[in-house]
Amino acid sequence: MMNSTQVSYFTLAAYLDTGPFKYLYFMIVMSLYIFIISVNVMLIVVICVNRSLHEPMYIFLCSLFVNNLYGSTGLFPLLLVQILSDIHNVSAPFCFLQIYCVHTYGAVEYLNLAIMSYDRYLAICYPLQYNSHMTSKKIATLIALTWLYPLIACIVYTIYLHSHSQLCGNVINKVYCDGHSIVKLACSDSHIVNALGLILSFGVIFGALIVIIYTYINIFKVCFSGSKQTRQKAVSTCTPHLASLFNFSVGASFELLQSRFNLTNVPIMMRIFLSVYFLTFPPLFNPVMYGLKMSKIRVIGKSLMANIGY
């Protein structure tokens, strides 16, 4: 038995021996990471430098894009290093740092999507009172809660995981570090740390889900009873949000199922794909979806690119 503080490194066992193809995989993953950074940074800049986009919906979008950068940066640098490496070891401090990044990214993403649904609910159901409800102070409070709760809660979870887990091994059967993989390595009673992880995870999930379900029930009611203009406004602003919500929920569900249940009968390539889906596809999908669907962002983005090109 060895205490987690005595583990100097963890071995990521899901990497396959790809031989000379590792350089090709490295270039593909590097290109994907550069694209994710580029499109998210571009949309953050577009929103920040244009005063016409300094509205609640776009400010919440900016927060979502910042989290996309945060989450992808929590995965891709390690992934790139490991693809080129022959020995897939990761230092214990870096592993726990990645656990913290992955958990906070997931929580912030879901809470951000919840406050975006609340914003659409106010804009569609109470258009005349929208500006009085969605004040600058309220926007700042919602964004602060979206980020501060996960950042603080995940610090508590990661510290507790590090200090209360006695480990009987250091092999993680994934391509990155995650909390439940560390719990699986414990040879001491891990019920408390497991329960803490579940409480924090499902606290965020159910809290956000209640807000999302309540707001969309009311949005659909207004759409069915309202004018054609109301329906068009709802479709134009809610479609990309629902697509982002569905995309992230599918990825997060894959990850939760894989971490909690034994999926050894599933092919390893499929397990790797499912494990990185929620860290890869939302940061790729969100900026593309909003950049194409939101006409205001699309027009200003084209204008900015044309000026840069000129």
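Trainee: Where is Ile 28 found?

Mentor: Happy to start there. This is a predicted model, in which local features need pLDDT of at least 70, side-chain atom pairs count only at pLDDT 80 or more, and totals for chains, interfaces and linings use all residues. Residues are numbered from 1 along each chain as its sequence is written, and side-chain values use heavy atoms, with hydrogens and water left out. Helices (H or I, at least four residues) and strands (E, at least two) are DSSP runs, numbered from the N terminus, and Ile 28 is found in helix α1 (residues 22-49).

Trainee: Is Ile 28 buried, exposed or partly exposed, and what is its relative accessible area?

Mentor: Buried means under 20% relative accessible area, exposed over 50%, and partly exposed in between (1.4 Å probe, protein chains only). Ile 28 is partly exposed, because its relative accessible area is 48%.

Trainee: Which salt bridge partner of Lys 174 has its closest O atom 2.3 Å from the N atom?

Mentor: Let's take the term on the way: a salt bridge is a side-chain nitrogen of Lys or Arg within 4 Å of a carboxyl oxygen of Asp or Glu. Lys 174 meets Asp 178 in a salt bridge at 3.7 Å, N to O. The bridge with closest N and O atoms 2.3 Å apart joins Lys 174 to Glu 255.

Trainee: How many residues apart are Lys 174 and Glu 255?

Mentor: Lys 174 counts as buried because its relative accessibility is 8%. Lys 174 lies in the loop between β5 (171-172) and α6 (179-184), while Glu 255 lies in helix α8 (residues 228-260). The pair therefore links distant parts of the chain, 81 residues apart.

Trainee: What is the angle between the planes of Tyr 105 and Phe 248?

Mentor: Good one for the viewer. Rings of Phe, Tyr and Trp (its six-membered ring) pair if their centres lie within 6.5 Å; planes under 30 degrees apart count as stacked, over 60 as edge-to-face and the rest as tilted. The structure holds 16 aromatic pairs. Among them, Tyr 105 and Phe 248 are edge-to-face, 6.1 Å centre to centre, with the planes at 80°.

Trainee: Why is the pair of Tyr 216 and Phe 220 called tilted?

Mentor: Tyr 216 and Phe 220 are 4 residues apart in helix α7 (residues 191-225), so about one helical turn separates them. Their ring centres are 5.8 Å apart, and the pair is tilted because the planes are at 45°.
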